[in-house]
Amino acid sequence: MAEPQPKPRELAYVAAIAEGVRTVMQEQPDAFVAGEDVAEAGGVYGYYNGILKEFGPERVFDTPISEEGIVGLGVGAAATGCRPIIDVMFMDFMGECMDEIANQLAKMRYMFGGRATLPVTILSMAGAGASLAAQHSQSLEAWICHLPGLKVVMACTPYDAKGLIISAARDDNPVIVVLNKMSLAMMGPVPEEPYTVPIGEANVVRGGSNYTIISFGRMVHEALAAATQLEELGIDAEVIDLRSLQPLDSAAVVASVRKTHRAMVVHEAVRFGGFGGEIAAQIQEQAFDYLDAPVARVGAPFSPVPFSPVLEANYVPNADRIVAEAKQQLGL
Amino acid sequence: MSSEITDDILLDIHRRMVRIRTFEERAGKMMEDGKIPGALHLYVGQEAVASGVMVHLSDQDYITSTHRGHGHLIAKGGEFTYMFAELYGKATGYCKGKGGSMHISNLDLGMLGANGIVGGGPPIAMGAAFSCKFRKTSNVSISFFGDGASNEGAFHEAANMAALYKLPCVFVCENNGYGEYTPQANHQAIVDVADRAPGYGMPGVVVDGMDPIAVHEAAGEAIARAREGGGPTLLECKTYRYYDHVGVRGMGLSYRTDEEVEQWRLKDPIVNFEARLAEQGVLTPEAAEAVHEAARKDVDAGIEFAEASPNPDPAAVTEDVYA
Amino acid sequence: MSLFGVVANPASGKDVRRLVARASVFDNQEKQAIVERVLIGAEAAGASAFAYLNDPNGIVASAVRENRRLCAKPLDATQTRTALDTITAARALRDLGCSVVITLGGDGTNRAVALGWPDAPLIPLSTGTNNVFPRMTEATLAGAAAGLIASGQIELREVAAQQKATHVAVADERPDLALIDAVLSRERFVGARALLHPEQLDTALLTRAEPAAVGIAAIGGLLHPLSEDADEGLLLRFGPGGERVRAPIAPGLYKTVEVAECRAVQTDERVAAKGPGVLAFDGERDRSLKPDQPIEMRVARTGPWVVDIRQTLELAARKGLFRMEAPGARRKTAGHEMAGHNRRA
Ligand SMILES: Cc1ncc(C[n+]2csc(CCOP(=O)(O)OP(=O)(O)O)c2C)c(N)n1
Ligand SMILES: [Mg+2]
């Protein structure tokens, strides 16, 4: 799929998020932003800077520290005609509001025989690497991808952040946009005008002929770095950024694997029970005969995110671990 | 009813407050200098609360803490060596470098952890209180939590259950007027969190959280009541944090005025307490200075210990997940 | 037409006596509702404007949002969350020429008002713990009484009586005041304020001693009752050698107290005592005394004027101030423009 030609303007990831939110607020009079410290403070990471000023306190407001209440507010408001943008500051805090997400938001439309429409956009910050330890660093996308009724997207560039937020907000389904705190300062081209990044379409970020790395979120950048290293080993890796986990663009994955015959899935979340397992399963279901090697998986070890920088460095997957895993997979 | 406070207790409270202040001032500076990784939420300004409560407790009594947890651990007897080692992420830290500031804990001291989840503590404290009762001990469990945390469903569930089961639990709300950058008026329609207590079926009390004696007296009553099987109490301490939500200068947002900070500093729990102790002839300025000096030395020794300590073995990342 | 004043103490009804003495939590929502009813009563009785202490909990401000018919003037008082707020507010109310002030709180709240405005005209409503001074009264009627006075339909002096106060001179420091009881205790700290250790009591000077009260006034009251009307005070020196009395020193808390000496003192008779210790006024520890620091206490009828609500409303009834004219009837007199708005309609 041809992306709109980006203009040369560069924006930081954090500013691209803000621009996505702004765009949504401009185009949708029924949209509002609610969350902890999103208004006066502009968000603890600053990605709502200027939103309060532009749209006023009726549409942009600080909530109590009540995640279940905040998401519930979004569910009830969406079911009755609003288009809420709900901020769940850290993805770890989904624990606090998981009932509203899993049992209400995800299921209401189905339970009501398709009569409810829940255009809720949830923005939430994931990712390790800042020594924020076990309760502020997790990547919990597997939790929410397991819930029929939700859409889940992950943005790894400023361009995708803005485009995915706009798509999410225009979607009539609940969409959770997972952002990454380690990418906030990352610069990248972002068109000034509104544009969308389609939900459900993977992005081939690097073409390759004999190896496929499927990734999403910040790990896409590690996958790209690994692909460069793998060149020296004669491996010409294609890197796919899924961008959307639910719905999943398995066609893009399968097409690539049928071409390259070898595949690896990389994500930051704990490997065991992670979303990579689903991708590996789909590959063996749809491209078994094309595989020259078992599908490899790279993810975090089976432990909570540690605090110590030394331990955290050994926890979060990176390009070296991807290369090492590929070598082992391929017997190099 | 507890009897009149002794000089020993006065000095004990003073020492705990000074230790917290000294530790936090240094830790905050080190974080901003980039020497300590991650995020520190400093307890400076709130020392009277942790100290006034903790002198009533033994190591067999439990507390749960918050993201702003150093003060609670120090007042509960935490050692600077292991604390600094934890803040540095060293193998010798209280949590072997796995928890850091936000999860600092020492179960041997009955300190069930700082907590990265706002509102995470109260249900755990309630559970520990249940355990105290279940095991037929006379121990109590104290939950420290903020004004912001009082809006989490978890707090309400814990309060209800503690009252229902008449558990030896004291909910100590450290109302410092803000949840992160949001003033209390923007996060709840009430000003006194203690007003909610009758709704759960427990007494609610408001005390000046900048006055260690006021905290000590009220906490003493609440703890005695809990030990005697009288059930839980909601004790609200009006207090203030001098520094930003995270670190010292923090994000540099202008969500409160310098004047407000100065007003609260006039009520400084340590400065005013030292003046009163001097008046009473309990603590001379020289003796007070010696307490500060000892705390500074402990901080130096703690930092030295932390810096000399080894990093965790990278392979330790997957250890301690299961028993 | 003059202003009436409203002072609601956000801190009343919340101290450690909830715990020690099973006193009730007086929540601020209830206080707000009380202020709302005060305003409704005052409006019905013909008041048009009032001034109030803008307490940091916004009790009165919230009530004002619910009643925009009365003109409301917030005072430039401090928001220190201490008695200072009430003291400065009381001064400001006096300077504004308020004809009567409604207070919400306990004995301590009214004492703070008296510190700022010693002979303030008061309608004290009880939202506190030890309440000898304020009475349990329906706020609507308190508001009506205030409205009648503020609108000039009823003269304050016709329905109010001046109360006694205990004046406390403290060597080298500012003087102080109690409305019911001034106490020297041998405790060392103000701490959680409530006066709960009778074994530490040293000296008390009471303006009244009521058998049907709680607090220090009850100790005296059970030994030697003394009413507000009597022009004398009651001195208690605590300790062994005299009588032992079982008294409710706080709601829900009976204690046996030893009283070495108990006698009436004439107004302006000076009672001496000295530190160390803390001075407690009207049930709350308030300030500390250094060793040997002398104090002198005396009772005098210099305190606030307290309005008798029943008397006020009976007078209003006799004057027909709430009587409505028959529909369509023309007003007989044009001059007297003070009636309630129901008559104005
Ligand atoms: C469940 C959850 N929600 C939000 C946060 C982010 N957060 C951390 S501290 C804080 C403010 C807490 O305020 P309060 O309880 O008043 O404690 P204080 O920081 O004032 O000590 C917030 C919102 C969190 N850590 N956990
Ligand atoms: Mg707070």
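Predicted model: local features only at pLDDT ≥ 70, side-chain atom pairs only at ≥ 80, totals over all residues.
Reader: Good to meet you! Which pair of chains shares the most contacts?

Author: Welcome! Of the 2 pairs of chains in contact, chains A and B share the most contacts.

Reader: What makes up the side of chain B that touches chain C?

Author: In that contact, 26 residues of chain B meet 22 residues of chain C. On the chain B side, the elements giving two or more residues are helix 7 (197–200), strand 6 (204–208), helix 8 (212–227) and strand 7 (233–238). Helix 8 of chain B brings the largest share, 7 residues. By class, this side of chain B divides into 14 nonpolar, 3 polar and 9 charged residues.

Reader: How much of chain B counts as buried?

Author: The test for a buried residue is 20 or more other C-beta atoms within 10 Å of its own. In chain B, 62% of the 323 residues count as buried. Contacts with a separation of 6 or more in chain B come 75% from residues 24 or more positions apart.

Reader: What radius of gyration does chain A have, and what would a compact globule have?

Author: For 332 residues, a compact globule would have a radius of gyration near 20 Å, and the 19 Å of chain A agrees with that. The C-alpha trace of chain A spans about 60 × 45 × 40 Å along its principal axes. Chain A comes to 12 helices and 14 strands, and 57% of its 332 residues count as buried. Among the chain A contacts with a separation of 6 or more, 79% are between residues 24 or more positions apart.

Reader: Why is the site of ligand 1 called shared between chains?

Author: The residues surrounding ligand 1 come from chains A and B, so the site is shared between chains. There are 22 residues around ligand 1, and the closest are B:Val118, B:Gly146, B:Gly148, B:Ala149 and B:Gly179. The shell divides into 7 nonpolar, 9 polar and 6 charged residues.

Reader: Let's turn to chain C. Which domains does it have, and how far apart are their centres?

Author: The domain assignment gives domain 1 (4–162 + 308–344) and domain 2 (165–300). The centres of domain 1 and domain 2 of chain C, taken over C-alpha atoms, are separated by 29 Å. Their contact takes 17 residues from domain 1 and 23 residues from domain 2 of chain C. On the domain 1 side, helix 1 (17–20) and helix 5 (107–116) of chain C are the elements that give two or more residues. Helix 5 of chain C gives the largest share, 6 residues. That side of domain 1 has 8 nonpolar, 4 polar and 5 charged residues.

Reader: Which peptide bonds are called cis, and what is omega there?

Author: One cis peptide bond joins A:Gln246 and A:Pro247, with omega about 5°. A:Pro247 sits in the loop between strand 12 (244–246) and helix 9 (250–260) of chain A. Another runs from C:Gly275 to C:Pro276, with omega near 10°. C:Pro276 is in the loop between strand 13 (271–274) and strand 14 (277–281) of chain C.

Reader: Why does B:Asp320 count as partly exposed?

Author: Partly exposed lies between the exposed limit of 12 or fewer neighbours and the buried limit of 20 or more. B:Asp320 has 13 C-beta neighbours inside 10 Å, so B:Asp320 counts as partly exposed. This residue is found in the segment after helix 11 (285–308) of chain B, and its phi is near 75°, a positive value in a residue other than glycine.

Reader: And what makes C:Arg81 partly exposed?

Author: C:Arg81 has 17 C-beta neighbours inside 10 Å, so C:Arg81 counts as partly exposed. Its phi is near 60°, positive in a residue other than glycine. C:Arg81 lies in the loop between strand 3 (71–74) and helix 4 (83–95) of chain C.

Note on methods. Residues numbered from 1 in each chain as written. Chains lettered and ligands numbered in written order. Contact = placed C-beta atoms within 7 Å. Helix = DSSP H or I, 4+ residues; strand = E, 2+ residues; numbered from the N terminus. Nonpolar A, V, L, I, M, F, W, Y, C, P; charged D, E, K, R; others polar. Domains from an automatic or database assignment. Rg over C-alpha atoms; globule rule 2.2 N^0.38 Å. Near = placed C-beta within 6 Å.
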